[in-house]
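I opened a new model today and kept notes as I went. My plan was to start with whole-chain totals, then go residue by residue.

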Amino acid sequence: MQPLWLSNSPAAAELWARLLAEHNTSGLWPLLLDAPDPGNADFRPGASGELFPDA
């Protein structure tokens with residue numbers, strides 16, 4: 001399983017820049033995922049099975 005950090009809000013710009021700068025070392029990309037319907041709190045990446053559809 002790949003590492004995944006879930007949060008209720010985006011990372012601060014400074015943290016985002018540091019994570020991106022570490023890509024060459026870590027091999028990880030910082031990503032910002034949003035639900036197709038932001039008005040539906042139950043349908044968000046991670047909670048809806050969107051990230052791991054086979055699980």
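**Entry 1: the whole chain.** I began with burial. Of the 55 residues in the chain, 7% are buried. I kept in mind that this is a predicted model. I then looked up the accessible surface, which comes to about 4,900 Å². Carbon and sulfur atoms account for 56% of that surface. For secondary structure I found two helices and zero strands.

**Entry 2: Trp-16.** I went to helix H1, which spans residues 13-21, and picked Trp-16 in it. Next I asked which residues Trp-16 touches beyond four places in sequence. I found Ala-11, Pro-30, Leu-31 and Leu-32. I also checked the backbone distance to one of these partners. Trp-16 and Pro-30 are 14 residues apart along the chain, and their C-alpha atoms are separated by 6.9 Å.

**Entry 3: Ala-11.** I followed the contact from Trp-16 back to Ala-11. Ala-11 sits in the segment before H1. Its relative accessible area is 25%, so I logged Ala-11 as partly exposed. With neighbours within four places left aside, Ala-11 is in contact with Trp-5 and Trp-16.

**Entry 4: Leu-6.** I stayed in the segment before H1, where Leu-6 is also found. Leu-6 has a relative accessible area of 57% and is therefore exposed. How far apart are Leu-6 and Leu-32 in space? I got 9.6 Å, C-alpha to C-alpha, for a pair 26 residues apart in sequence.

**Entry 5: His-23.** I moved on to helix H2, which holds His-23. I asked why His-23 counts as buried. Its relative accessibility is 18%, and the buried class takes values under 20%. I then looked for what the side chain of His-23 reaches. It reaches the backbone oxygen of Leu-28 at 3.0 Å. Not counting residues up to four places away in sequence, His-23 touches Leu-28 and Trp-29.

**Entry 6: the nonpolar patch.** Which residues make the nonpolar patch? I listed Leu-20, Trp-29, Leu-31 and Leu-33, with an area of about 460 Å². I looked up Leu-33 separately. Leu-33 lies in the segment after helix H2, residues 23-26. At 45% relative accessibility, Leu-33 counts as partly exposed.

Terms used: Residues are numbered from 1 along each chain as its sequence is written. This is a predicted model: local features need pLDDT of at least 70, side-chain atom pairs count only at pLDDT 80 or more; totals for chains, interfaces and linings use all residues. Side-chain values use heavy atoms; hydrogens and water are left out. Helices (H or I, at least four residues) and strands (E, at least two) are DSSP runs, numbered from the N terminus. Buried means under 20% relative accessible area, exposed over 50%, partly exposed in between (1.4 Å probe, protein chains only). Accessible areas come from the Shrake-Rupley method with a 1.4 Å probe; for residues, only the protein chains shown count as cover. Contact means heavy atoms within 4.5 Å. Patches are made of residues with over 30% relative accessible area and no salt bridge: like charges are joined within 9 Å, nonpolar side chains (Val, Leu, Ile, Met, Phe, Trp, Tyr) within 5 Å. A salt bridge is a side-chain nitrogen of Lys or Arg within 4 Å of a carboxyl oxygen of Asp or Glu. A polar contact is a pair of N or O atoms within 3.5 Å; within protein, one must be able to donate a hydrogen and the other to accept it, and residues adjacent in sequence count only if both atoms are side-chain atoms.
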